[in-house]
Amino acid sequence: MTTDQTGPDQTEPDRTGPDGLPEAAQDGAAVPMAAAPAEPALAALELTVRFNAPGGRTARAVDGVNLDLRPGEILALAGESGCGKTTVARTLLGLERPTAGGITFQGRPLQYGTKALKAYRRDAQLVLQDPTGALNPRHTVYDAVAEGLRIHGIHDNERDRVADALSRAGLRPAEKFFLAYPHELSGGQRQRVVIAGALVLDPKIIIADEPVASLDASVRGEILALLMRLRDDLGLSAVVVTHDLGLAWNIADRIAVMYLGRIVEIGSVDEILTAPQHPYTRALVSVLPDSPVGEPQVLAGEPPDATDVPGGCRFHPRCPALAGGEAEAAGVADDCRRTELPVLPLGQAGTSCHLVAARAQAVAATP
Amino acid sequence: MTTGATEKDDTKEGSGAVRPTLEIDDLRITYRGSRGEIPAVRGISLSLNPGDTLGLAGESGCGKSTVAAAVLRLLPPGTEVTGRILLDGEDILAMSFGKLRAVRWAGASIVFQGAMHSLNPVHRIARQIAEPIVLHEGIGREAAERRAVELMSQVGLPSWRAQSYPHELSGGQRQRVMIAMALACAPQLIIADEATTALDVMIQAQVLRLLKQLVSERHIALVMISHDLSVLADTCERLAVMYAGRLVEHGPSREVFAGARHPYAQALSAAFPTVGDPAERRNPHGLAGDPPDPGNLPSGCSFHPRCPVVMDECSTATLALRAARDDWQAACLRVDGPEAVAAPTLLTKGDA
């Protein structure tokens with residue numbers, strides 16, 4: 001089930017080449033639904049999104065991201081708030097226009113015309129964090145789920161489609177919920193209604209932004225199990241944006257960890273969460289309860305501002321490996337401070353870190 | 001007000017037998033609203049000595065925040081409260097309002113979840129931290145603001161932030177301001193109600209580490225309320241799990257988290273996967289059903305409609321905590337631990 005077991009391992013020194021092409025970059029990774037490397041369902045290529053910030057500054061919210069979503073996989077996009085993960089998700093959905101780079105859906109570049117976007121939004125559905133905010137309190141469950149059908153002008157079999165979507169989302173018997181209002185439902189049921197609203201259009205991709213963060217703990221698992229079931233039964237691909245590494249461990253196949261607009265580490269969940277390479281990922285994993293990674297390493301300070309991205313490796317001001325002298329010992333401390341790292345290539349596991357690259361090279365040089 | 005503070009200082013200095021900082025005895029709280037009477041807390045007993053840390057876990061509507069609000073008598077008027085709450089031996093429920101004001105901040109303080117909404121947007125940080133100091137210790141504003149800056153450095157905020165407004169701070173920094181305020185009048189008890197829930201993992205780790213350190217340095221008793229069992233298990237020595245207004249499990253936190261006896265506590269700890277545990281990989285655990293409506297509770301054990309191991313008796317039996325071990329209790333018919341007598345303050349007495 002795991003990806004990348006036979007692929008090039010994460011420490012292969014030349015993996016950080018900046019110009020990996022989608023085809024060339026496939027490393028034979030196996031995802032549950034597709035044995036052979038398939039064309040990504042959705043991909044971001046050298047994606048850059050900038051915003052104007054007050055005072056004439058520019059926030060580099062997403063600053064060069066290669067990301068592929070393979071058919072039938074669940075990809076977790078993790079990182080602290082402000083790292084750009086939600087902006088990536090919004091851009092993947094066409095809600096945000098890239099400043100540079102682009103999105104491809106099933107191999108074709110995403111078009112931003114009104115008609116093309118509308119068509120795309122049948123295929124790629126968004127599930128938001130807070131189901132209470134996502135539902136109109138004055139619409140019944142039926143209307144909430146049917147809304148997407150009406151927007152897309154699908155009028156045949158509306159009732160059946162709504163009932164089907166509700167039962168796939170685990171609200172059974174569906175008819176019992178048709179006339180309910182959101183306030184009559186529990187938090188878990190509301191999130192199921194939101195998911196049903198996404199399913200009713202038979203999407204190929206679901207992008208879920210913190211799908212269980214506002215739910216009660218005991219209900220959380222049920223919604224996550226539902227997302228996994230949708231993948232298994234309908235072959236949906238999903239990007240799950242989360243700060244919660246436990247969630248990634250629970251349901252995701254691969255994980256991309258973002259820091260300040262860049263992916264710093266990407267690969268299979270099994271590898272990255274049990275043996276993280278990047279010092280930032282290591283720190284994130286280390287503060288988990290019963291962490292698989294040694295002593296908790298609490299990083300000082302807060303994620304820096306996207307309007308003021310540090311030079312060199314953007315993580316270097318907070319990097320425990322640099323502060324602790326490991327980078328110095330490996331002879332890369334100057335690189336950490338001055339040499340910018342290339343963007344991780346598309347479609348491969350990798351770590352964007354001078355120290356990790358230097359160590360891998362050292363291992364390769366001493367056979 | 002100052003008398004209240006000095007009185008407590010005396011008792012704090014007095015050595016000898018340990019008097020519990022907080023003693024809650026058969027606390028029952030009923031809200032009265034348009035939907036009639038809602039029993040939010042249905043007989044809870046707890047006790048904390050100086051330096052004790054207790055995690056109070058449960059889902060929304062289980063009554064955990066109601067317990068916190070009751071300790072400082074912050075419940076809406078008309079709410080019926082019975083039982084006893086003793087803060088350093090003094091009965092909170094019987095206290096005059098003037099005395100109560102002295103106890104708030106100086107005896108016990110609460111850190112709430114939404115630091116954004118708890119801070120006044122038009123006052124500078126130092127002034128807000130200084131406010132309870134001015135009120136409780138009767139010292140001048142300038143001296144109080146100097147103390148505020150000291151407190152800020154103790155919680156890891158740079159002193160130049162003293163003249164900032166809340167909106168200029170990040171979420172983690174604002175939460176630190178709340179902790180500094182909670183510490184301002186040197187209370188014996190801090191209640192942290194979902195104090196780190198809205199924070200990022202790394203900032204949460206920073207704030208928790210800080211809280212842990214301050215509590216042990218100053219011998220403060222800490223009640224930490226959260227839905228996140230894994231955070232509580234990591235921060236507190238003891239863990240109490242609430243369901244539908246009652247304690248269903250209470251014991252040493254690492255052990256409860258790893259091997260809860262009550263099926264609900266088991267489900268709750270399973271909801272927080274241990275990253276790296278192969279058993280939980282691609283295997284999210286949930287509990288069917290939803291937390292019960294406090295206005296319409298199931299009969300018998302309130303958990304029985306959702307319980308995966310329910311027995312016939314569960315729908316009728318009324319349950320108190322039973323000893324699973326001498327320092328560990330659970331309210332489940334399936335628990336029959338040693339006959340050892342549990343610490344009496346930990347038991348729920350009687351049943352309605």
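User: Happy to look at this one together! Which residue of chain A stands opposite Thr242(A) in strand 8 of chain A?

Analyst: This is a predicted model, where local features need pLDDT of at least 70, side-chain atom pairs count only at pLDDT 80 or more, and totals for chains, interfaces and linings use all residues. Residues are numbered from 1 along each chain as its sequence is written, with chains lettered from A and ligands numbered from 1 in the order in which they are written. Opposite Thr242(A) in strand 8 of chain A stands Ala78(A).

User: And what is the handedness of the crossover from strand 7 of chain A to strand 8 of chain A?

Analyst: Strand 7 (residues 205-209) of chain A also runs parallel to strand 8 of chain A, with five bridges between them, and strands pair if DSSP finds at least two. One bridge partner of Ala238(A) is Ile206(A). From strand 7 of chain A the chain passes through helix 8 (residues 217-234) of chain A to strand 8 of chain A, and this β-α-β crossover is right-handed (with the strands pointing away from the viewer, the path from the first strand over the helix to the second runs clockwise).

User: Why is strand 8 of chain A described as largely enclosed?

Analyst: Ser237(A), Val239(A) and Val241(A) point one way from the strand, while Ala238(A), Val240(A) and Thr242(A) point the other way, and all are buried. Buried means that 20 or more other C-beta atoms, placed from the backbone, lie within 10 Å of the residue's own. Strand 8 (residues 237-242) of chain A is largely enclosed by the rest of the structure because its buried residues number six of the six.

User: Turning to the interface, which helix supplies the largest share of the side of chain B that touches chain A?

Analyst: Here 33 residues of chain B are in contact with 35 residues of chain A, contact meaning C-beta atoms, placed from the backbone, within 7 Å. Helix 8 (201-218), helix 9 (229-235) and helix 11 (263-270) of chain B each give at least two residues to that side. The largest share, six residues, comes from helix 8 of chain B.

User: What average pLDDT does chain B have?

Analyst: On this confidence scale from 0 to 100, residues 1-15 of chain B stay under 50. Where pLDDT is low, the predicted coordinates should not be read in detail. Still, 90% of the residues of chain B score at least 70, and the chain's average is 85.

Methods:
Contact = placed C-beta atoms within 7 Å. Helix = DSSP H or I, 4+ residues; strand = E, 2+ residues; numbered from the N terminus. Buried ≥ 20, exposed ≤ 12 C-beta atoms within 10 Å, placed from the backbone. pLDDT = per-residue confidence, 0-100.
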